[in-house]
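Here is a short report for a reader meeting this protein for the first time. Please look over the sequence and the model before reading on.

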Amino acid sequence: MRQIWIGKAGPPNVLQIQEAPDPTPHSGEVRIRVAASGVNFADVMGRMGIYPDAPSIPYVPGYEVAGEIDMVGQGVPDFKEGDKVFAMTRFGGYSDVVCAPFKQVYKRLDWMTATDAAALPVNYLTAYMMLIVMGSLRPGDKALIHGAGGGVGLAALDICNIIGAETFGTASPGKHQFLLQRGLHQAIDYRNRDFEGVVQDLTGGRGVDLILDSVGGKNWPKNYRLLAPSGRLVYFGVSSMASGKQRSWLNALRMLVWLPFYTPIKLMNDNKAVMGVNLGHLWERVDLLQTWLRQIVAWYDEALFRPHVDRTLPFEHVAEAHHYIQDRKNIGKVLLIP
Ligand SMILES: NC(=O)c1ccc[n+]([C@@H]2O[C@H](COP(=O)([O-])OP(=O)(O)OC[C@H]3O[C@@H](n4cnc5c(N)ncnc54)[C@H](OP(=O)(O)O)[C@@H]3O)[C@@H](O)[C@H]2O)c1
């Protein structure tokens with residue numbers, strides 16, 4: 001098999017392809033011939049050496065794959081050779097052969113392509129957990145999505161559209177036209193304007209009911225101020241810590257200046273909720289992921305959404321894939337094709 005390794009922390013060219021013997025599935029696992037592997041911002045942070053959840057370097061990154069089962073381990077119910085599937089992998093997804101525990105593997109619908117399937121797990125589960133499970137999104141709610149053009153951002157927009165929420169999204173101006181066509185109500189050029197003032201103006205000073213923030217830093221205090229009474233704020237990332245292509249402790253320190261501090265008394269008196277989500281800390285609760293994914297796949301089945309795959313690149317161009325994401329050029333998903 002061919003795998004992409006992070007051999008040392010650094011810029012995208014540290015990613016290297018290596019050959020290894022095909023693995024044999026352990027008991028409870030299936031082996032998948034991979035047709036597409038998802039690239040996520042976490043892989044970028046892992047490559048830079050600033051992702052706390054990553055194993056120690058060297059390792060093969062990758063949280064999600066889609067392909068076809070070619071071997072089934074002992075004690076695996078329901079799956080057989082030839083099944084078209086997608087799976088969540090706890091690292092190791094940048095590989096053309098992957099073994100995964102069967103509980104992290106899902107059958108694809110007949111009309112679900114491998115590229116669509118590989119674009120689902122991380123982005124749509126994260127968005128679903130934030131909006132539906134923790135954020136209690138209701139029709140008519142006003143939702144502010146930061147990084148609306150990114151993988152998770154676009155998934156969040158799709159789910160908001162399905163529920164019937166009113167959406168405000170921050171994004172680089174070049175992504176606005178695409179986002180508006182995909183159903184975003186208000187596109188905010190946060191790079192040239194202060195998003196807090198813009199949202200206050202657009203809502204007549206009311207604020208919003210739900211905010212998803214993966215940028216962090218300067219956004220932190222502004223988000224809280226923008227919450228309407230009974231508003232919910234979900235934190236799920238700190239992209240602004242990865243603004244260069246190599247690790248910078250100065251960037252990390254700068255974050256501390258903006259760290260918010262919410263006391264229980266303040267939260268009570270403000271009628272606001274602040275929450276955090278980390279999908280990568282739910283490996284012991286794949287039962288939750290299975291339930292949520294069932295709903296996501298049902299929406300896919302009803303053609304209520306299709307993930308937007310911006311680019312597919314061969315394994316040899318993995319460095320280009322990481323540059324593309326870090327240069328903020330992607331709209332939606334970037335995939336590697338073995
Ligand atoms: N907690 C979880 O479970 C979980 C799961 C998935 C992802 N995440 C986190 O969510 C964030 C987004 O992930 P993603 O896969 O959707 O990434 P993505 O596709 O790269 O999108 C992120 C978008 O955020 C915007 N952005 C704003 N400031 C940025 C900065 N300093 N550096 C890079 N991008 C910046 C960019 O859009 P503009 O050009 O429009 O600014 C970019 O397109 C990441 O921080 C990731 O680690 C967390």
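Into which domains is the protein divided? There are two entries in the assignment: domain 1 covers 2-120 + 307-337, and domain 2 covers 122-279. Keep in mind that this is a predicted model.

**The interface between the domains**

The C-alpha centres of domain 1 and domain 2 lie 27 Å apart. Domain 1 brings 26 residues to the contact, and domain 2 brings 23 residues. Between them, domain 1 and domain 2 bury about 2,100 Å². Carbon and sulfur atoms give 58% of that area.

Which residues of domain 1 lose the most area to domain 2? They are Met 48, Arg 328 and Ile 331. Together these three account for 26% of what the domain 1 side buries.

Now the polar side of the interface. Across it, the rule finds 0 salt bridges between domain 1 and domain 2. Polar contacts do occur there: 7 residue pairs are found, both residues at pLDDT 80 or more.

Two helices of domain 1 deserve a look. Both α1 (41-48) and α11 (318-326) supply at least two residues each to the side that touches domain 2. The largest share, 4 residues, comes from α1. Sorted by class, this side of domain 1 has 12 nonpolar, 8 polar and 6 charged residues.

**Around the ligand**

How many residues surround the ligand? The count is 25. The closest are Ser 172, Tyr 190, Ser 239, Val 277 and Leu 279.

| Residue | Atom on the protein side | Distance to a ligand oxygen atom |
|---|---|---|
| Tyr 190 | side-chain N or O atom | 2.3 Å |
| Ser 239 | polar side-chain atom | 2.8 Å |
| Leu 279 | backbone N or O atom | 2.7 Å |

Tyr 190 and Ser 239 reach the ligand oxygen with side-chain atoms.

**Salt bridges**

How many salt bridges does the rule count? The count comes to 16. One of them joins the side chains of Lys 142 and Glu 166, at 2.9 Å from N to O. This pair links distant parts of the chain, 24 residues apart. Lys 142 sits in strand β8 (residues 142-145). Glu 166 sits in strand β9 (residues 166-170).

Conventions
Residues are numbered from 1 along each chain as its sequence is written. This is a predicted model: local features need pLDDT of at least 70, side-chain atom pairs count only at pLDDT 80 or more; totals for chains, interfaces and linings use all residues. Side-chain values use heavy atoms; hydrogens and water are left out. Domain bounds come from an automatic or database domain assignment. Contact means heavy atoms within 4.5 Å. Buried area is the accessible area (1.4 Å probe) that two parts lose on being put together, summed over both. A salt bridge is a side-chain nitrogen of Lys or Arg within 4 Å of a carboxyl oxygen of Asp or Glu. A polar contact is a pair of N or O atoms within 3.5 Å; within protein, one must be able to donate a hydrogen and the other to accept it, and residues adjacent in sequence count only if both atoms are side-chain atoms. Ala, Val, Leu, Ile, Met, Phe, Trp, Tyr, Cys and Pro count as nonpolar, Asp, Glu, Lys and Arg as charged, and the others, Gly among them, as polar. A residue is near a molecule or strand if one of its heavy atoms lies within 4 Å of it.
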